[in-house]
Amino acid sequence: MNYLITGGAGFIGSHLVEKLITRGDQVVILDDLSTGNAKNLGTVEGKVTLHKCNILDRSIIEKLVAESDYVVHLAAALGVFNIVNKPLESLKTNLQGSEIVLEACDKYRKPVLIASTSEIYGKNDKVPLNEEDDRIIGHPLKSRWSYSEAKAVDESLAYFYYLENKLPISIVRFFNTVGPRQVGHYGMVVPRFVNAALRHEPLSVYGSGDQIRCFCHVDDAVRALLLVIDSEKAIGEVFNVGNNQQISIMELAKKVIELTGSTSAIEKMAYDKAYPSGFEDMQRRVPDISKIEQVLGWKPEIN
Ligand code: NAD
């Protein structure tokens, strides 16, 4: 199969690309290398084609979609710092980018997987969150919510292409995913903590540190992606993909210090120092992953 992976030089994308190449597929990548990096593709160098290009470049997207058998759309502006500091560019990438990809997939009748996010649930702190749960989000002028808004519209757009035009689409809602090649400078907590710990610098915990998160290893997440890509049962469906083991951010900081043998201290930082004023955080976010387990037999294997 010929796969087009948008955002394929990024964290999750590069791991997916490696697995596709290992099983004998051909891969073309479109990525502007804004948060991704060609170095992430070091193990597949010479085996993949990388187009350094913006997702908003319609003519190139159309050409690459037409030449592919299956499209995985991962390219997005993400990371809290990016979304809050570059709200306009982020919103355009996440809204218009997906629209262009879906229009091209519809035009050339190519199956497509759309990457969404647990952020679409917003402030809903129900435990655990399942695919049918409501969105509870802040008002539209707060840039913090624009990622959630764009990804939710992306989901609707993809789903309505499926309903009205019978376009084969699938949607994956990633919860926090972690592993090699994730970088910390856009706000991702695990690499940020690990970097600080390895340098024996203080780990900054935002707020009280009592907020609960769940972290899924990228190898587990990519295994879920491949099951979704390969299964007819996933067409027209949305799946939560995440690990449901819970940990507080304070416990996480302690664990990172312990595992790296670091002498780092832990410092609490008020939210208004870490982020622009008015930032809202979720106290707890835990995925219900029973749907993907029942339909595709997936569950995380790495704690
Ligand atoms: P990432 O930043 O490593 O990957 C995104 C890729 O998209 C990068 O390689 C980046 O260079 C590329 N990109 C960004 N803007 C672009 C543009 N305008 N044109 C072309 N390419 C562009 O992040 P990731 O964690 O690998 O995320 C992959 C997908 O998974 C994204 O759609 C993201 O929203 C989703 N997701 C990730 C997580 C997570 O915890 N990592 C959680 C929820 C959802």
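Some ground rules. Residues are numbered from 1 along each chain as its sequence is written, and side-chain values use heavy atoms, with hydrogens and water left out. Because the model is predicted, local features need pLDDT of at least 70 and side-chain atom pairs count only at pLDDT 80 or more, while totals for chains, interfaces and linings use all residues.

Let's start inside. In soluble globular proteins, nonpolar side chains tend to be buried together. Here the largest nonpolar core has 37 residues. By nonpolar core I mean a set of buried Ala, Val, Leu, Ile, Met, Phe, Trp, Tyr and Cys residues joined through side-chain atoms within 4.5 Å. Buried is under 20% relative accessible area, exposed is over 50%, and partly exposed is in between, with a 1.4 Å probe and protein chains only.

Which residues touch the most other members of that core? They are Ile5, Leu16, Val17, Val27, Val72, Phe174 and Ile292. Helix H7 gives the most to this core, with eight residues. Take Val17. Leaving out residues up to four places away in sequence, Val17 touches Ile5, Gly8, Val27, Ile29, Leu41, Val44 and Val48. Contact there means heavy atoms within 4.5 Å. There is also a second, separate core of 22 residues, and its members include Leu4, Leu102, Ala158 and Val238.

Now H7 itself. Helices are DSSP runs (H or I, at least four residues), strands are too (E, at least two), and both are numbered from the N terminus. The expected span of a helix is 1.5 Å times one less than its number of residues. For the 13 residues of H7 that gives 18 Å, and the end C-alpha atoms are 18 Å apart, so the two agree. Buried residues in H7 include Val218, Ala221, Leu225 and Ile229.

On to charges. A salt bridge is a side-chain nitrogen of Lys or Arg within 4 Å of a carboxyl oxygen of Asp or Glu. The count is 16.

- Arg109 and Asp106 meet at 2.9 Å, N to O. Arg109 is partly exposed at 41%; Asp106 is buried at 17%.
- Asp133 and Lys126 have their closest N and O atoms 2.7 Å apart. Asp133 is buried at 17%, and Lys126 is partly exposed at 34%.
- Glu301 and Arg223 meet at 3.9 Å, N to O. Glu301 lies in the segment after helix H10 and Arg223 in H7, so this pair ties together parts that are 78 residues apart in sequence. Glu301 is exposed, at 62%.

There is a network as well: salt bridges link Arg23, Asp25 and Asp230.

Next, the backbone. Most residues other than glycine have a negative phi, and most peptide bonds are trans. Where is the cis peptide bond? It joins Val127 and Pro128, with omega about -10°. Pro128 sits in the loop between strand S5 and H5. Lys166 has a positive phi of about 60°. Lys166 is in the loop between H5 and strand S6, and is exposed at 60%. Arg181 also has a positive phi, near 85°. Its loop runs between strand S7 and helix H6, and Arg181 is partly exposed at 28%.

Last, helix H5, residues 146–165, holds Leu163. Leu163 is partly exposed, at 42%.
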